[in-house]
Number of protein chains: 6
Amino acid sequence: MVYLTRKAEFSASHYYHNPEFSAEENLRLFGKCNNANGHGHNYTLEVTVKGEVDPRSGFVVDLKQLKDIMHREVLDAMDHRFLNKEVPEFFSRIPTTENLAIAIWQRLETKLQRARLHRVRVYETPELFVDFYGED
Amino acid sequence: MVYLTRKAEFSASHYYHNPEFSAEENLRLFGKCNNANGHGHNYTLEVTVKGEVDPRSGFVVDLKQLKDIMHREVLDAMDHRFLNKEVPEFFSRIPTTENLAIAIWQRLETKLQRARLHRVRVYETPELFVDFYGED
Amino acid sequence: MVYLTRKAEFSASHYYHNPEFSAEENLRLFGKCNNANGHGHNYTLEVTVKGEVDPRSGFVVDLKQLKDIMHREVLDAMDHRFLNKEVPEFFSRIPTTENLAIAIWQRLETKLQRARLHRVRVYETPELFVDFYGED
Amino acid sequence: MVYLTRKAEFSASHYYHNPEFSAEENLRLFGKCNNANGHGHNYTLEVTVKGEVDPRSGFVVDLKQLKDIMHREVLDAMDHRFLNKEVPEFFSRIPTTENLAIAIWQRLETKLQRARLHRVRVYETPELFVDFYGED
Amino acid sequence: MVYLTRKAEFSASHYYHNPEFSAEENLRLFGKCNNANGHGHNYTLEVTVKGEVDPRSGFVVDLKQLKDIMHREVLDAMDHRFLNKEVPEFFSRIPTTENLAIAIWQRLETKLQRARLHRVRVYETPELFVDFYGED
Amino acid sequence: MVYLTRKAEFSASHYYHNPEFSAEENLRLFGKCNNANGHGHNYTLEVTVKGEVDPRSGFVVDLKQLKDIMHREVLDAMDHRFLNKEVPEFFSRIPTTENLAIAIWQRLETKLQRARLHRVRVYETPELFVDFYGED
């Protein structure tokens, strides 16, 4: 079993707000992230797949296919977007890094062919990242 | 003469649009950046000051003062903001990295005491940055 | 289960010496690190916590609380300090990166509230780091 | 149990080609990597070992020994080399990042003394890396 | 005057050899780089252009055009290539980082339209880079 | 004219103190850096030389010689040292990043042979660095 990880970057904006909370509670919990105009990040996405190495190609996954899937399922939908307004998963869920990692896992999980998805890591900034390995 | 550079990061969103252009022209020129919902970046700001080293402190500039000025003049105004809507310089100017570097220079230039401002560098992403050295 | 990691940096000095060893043995084993004047590093600390995502906040952990705990329990005690002389764990234990990761784990483990501590990673330099996941 | 990771870099060239495939199939599968003249990378190698911390030294592994083993077993053989032509593992196996990680594991596994090899990670570029944890 | 820099990466192989030198002299001067099989690097290219900011677009240069020129003039010719054998500038010149920076300058200088080329920086590794500002 | 830059890293400790100031003034000016036990950093040194490219070698400077000079003149003296106590320049001068860059310039300036020293850059942390270009 070998694990291969490919990175990609996308730029998006978001804000944090729970309509069930009062304005005060939203501000207390989310601080500057509660600004409804949104603010943004250069997100770094790391997708890790696992599988056996195909002895004929030396690959655990076709790198070009993996890149295409990441672009089609994630970057085309999220790059240069306001996550709360333009990405359906976040119409009613708060686009925290945690929820972003889960949403990206769900977009990718069934699309891979030879290898299986092992981990989705999302960096919101170089100082903060989230890992999701799927539900067991 | 010694040059000292301090980095800071802030997260903001923006979009590119010139109301004098047609929708088609805006889209052709600005591409994905023309999305009016905005998208965002983790901006990295590098501020370089120059001056003589004070023999008593060994400093060209008081680092704490420099940090305070950068926070008060730039980060407090721009971090977690939508630049087009919340930062006055960009109410009528397009918040490109070029214009952002110039605006930050203008905010900082007159605030430094011992040392003089030499350069403002702004990274929009790790792959793209702008330097401004002031007008001669 | 989601894993969230937050980074922080601190600068400290240390040296390696075992009083039960001869001077020759200390020098042979620890090399340049045996210099009793100490030398220093910009340590990078990565703290990983794990837990369920709270559906109301989208958070696995309150980021501000995590940051405060890291500062209060680790950075306030170790930043700009000589580890051997000023941090009690290292009065009689050698402040290697291994022992530093274990000491930081012990300082943090009982302080977290909603999420559980999963991993402490300490970079001594960009080329050398240690991971500790607690004792089972 | 503590995990210690040490990085090293080496520069090598390689190309991808399976003599059982037609020229068209090689080009379709391997794209630009099929160029027989070779192209190159600055590979980053991360070697992770695990073990108990020796209370007398504070080390899980003697860092100088680990560095020496990595140089003798891997870097001396692969740095500034054309992998397909000069490194025996790749005379008949394609030097993909996957196969490179496995080959490095096999070179290192039996050479460590106190600690055990846990993981070999190889970055081909900053955007692509492979992890191998050995066969179970 | 504003300076804008865009990065790109390419992977290539090369070796150093002067046919006018003896084998001993080549080896003494070029060391491991003299291996005729070649070895490789992930080169990072930084292209800096300078000019006035166009008030209508906020740009000193059309970023898409700059990217296209860098790909067409440099990356298409050098990425995944053996520089000595496949890039004409290096059929009779040694592909050192110095000569690579000069060759890239010459390829780009006349292709820019609004802005002027200011600097070409080439990183051979993260620890070694060359800057060229053109001939005066 | 071509500019070549080589990086190196060293780990050292230091503290800031001016014996002509009162304890209060030292603390106010230097903050945590005033701790007499010292604290440390992983310093990154960038040495830039300039010169014509030698057409026979393609080099502006012999890289191995440059590396040797940097090690002999700077790293052997400063790596794993307490700068205030073990490096003569800092017996009576405060080892700020500014003074460190000047001291390294003075150590290197007369040692280069073919190329001339252009700039010394010292990073104290990734967020703070100083450039010195010599006295005119």
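In this predicted model, helix α2 of chain E, residues 63-78, and helix α4 of chain E, residues 97-108, have axes that come within 10 Å and cross at roughly 135 degrees. That angle makes α2(E) oblique to α4(E), since angles over 145 degrees would count as roughly antiparallel and those from 65 to 115 as roughly perpendicular. As for its hand, the crossing of the two helices in chain E is right-handed. On the α2(E) side, the residues that meet α4(E) are E:Ile69, E:Met70, E:Glu73, E:Val74, E:Ala77 and E:Met78. Facing them from α4(E) are E:Leu100, E:Ile104, E:Arg107 and E:Leu108. Sorted by class, this contact holds 8 nonpolar and 2 charged residues, with no polar ones.

Turning to chain A, there are 4 helices and 5 strands to keep track of. Going along the sequence, they come in the pattern β-α-β-α-β-α-α-β-β. The C-alpha trace of chain A spans about 60 × 30 × 25 Å along its principal axes. Within this chain, helix α2 (residues 63-78) packs against helix α4 (residues 97-108) at an angle of about 135 degrees, and the two axes are 10 Å apart. So α2(A) is oblique to α4(A), and their crossing is right-handed. Here α2(A) brings A:Ile69, A:Met70, A:Glu73, A:Val74, A:Ala77 and A:Met78 to the contact, while α4(A) brings A:Leu100, A:Ile104, A:Arg107 and A:Leu108. The tally for this contact is 8 nonpolar residues, 2 charged and no polar.

Chain B has a helix pair to look at as well. The axes of its helix α2 (residues 63-78) and helix α4 (residues 97-108) come within 10 Å and cross at roughly 135 degrees. The two helices, α2(B) and α4(B), are therefore oblique to each other, and α2(B) passes α4(B) in a right-handed crossing. From α2(B), the contact takes in B:Ile69, B:Met70, B:Glu73, B:Val74, B:Ala77 and B:Met78. From α4(B), it takes in B:Leu100, B:Ile104, B:Arg107 and B:Leu108.

Next come the relations between chains. Chain A does not touch chain E, and the nearest C-alpha atoms of the two are 14 Å apart. Nor does any contact join chain A to chain F, where the closest C-alpha atoms lie 13 Å apart.

That leaves the empty spaces. Rolling a probe the size of a water molecule over the atoms shows where empty space is left. The count comes to 1 cavity of 30 Å³ or more, and the largest cavity has a volume of about 30 Å³. Its lining draws on chain A through A:Tyr16, A:Thr96, A:Thr97, A:Glu98 and A:Leu128, and on chain C through C:Leu4, C:Phe59 and C:Leu63. By class, the lining of this cavity divides into 5 nonpolar, 2 polar and 1 charged.

Methods:
Residues numbered from 1 in each chain as written. Chains lettered and ligands numbered in written order. Predicted model: local features only at pLDDT ≥ 70, side-chain atom pairs only at ≥ 80, totals over all residues. Heavy atoms only, no water. Contact = heavy atoms within 4.5 Å. 1 Å grid on protein atoms, 1.4 Å probe; cavity = no way out; pocket = protein on both sides within 12 Å on 5 of 7 lines; lining within 4 Å. Points joined across faces, edges and corners; volume = space filled by probe spheres on them. Nonpolar A, V, L, I, M, F, W, Y, C, P; charged D, E, K, R; others polar. Axes fitted to C-alpha atoms, helices over the stretch in contact; angles between N-to-C directions. Parallel < 35°, antiparallel > 145°, perpendicular 65-115°, else oblique. Left-handed = near helix turned anticlockwise from the far one by under 90°.
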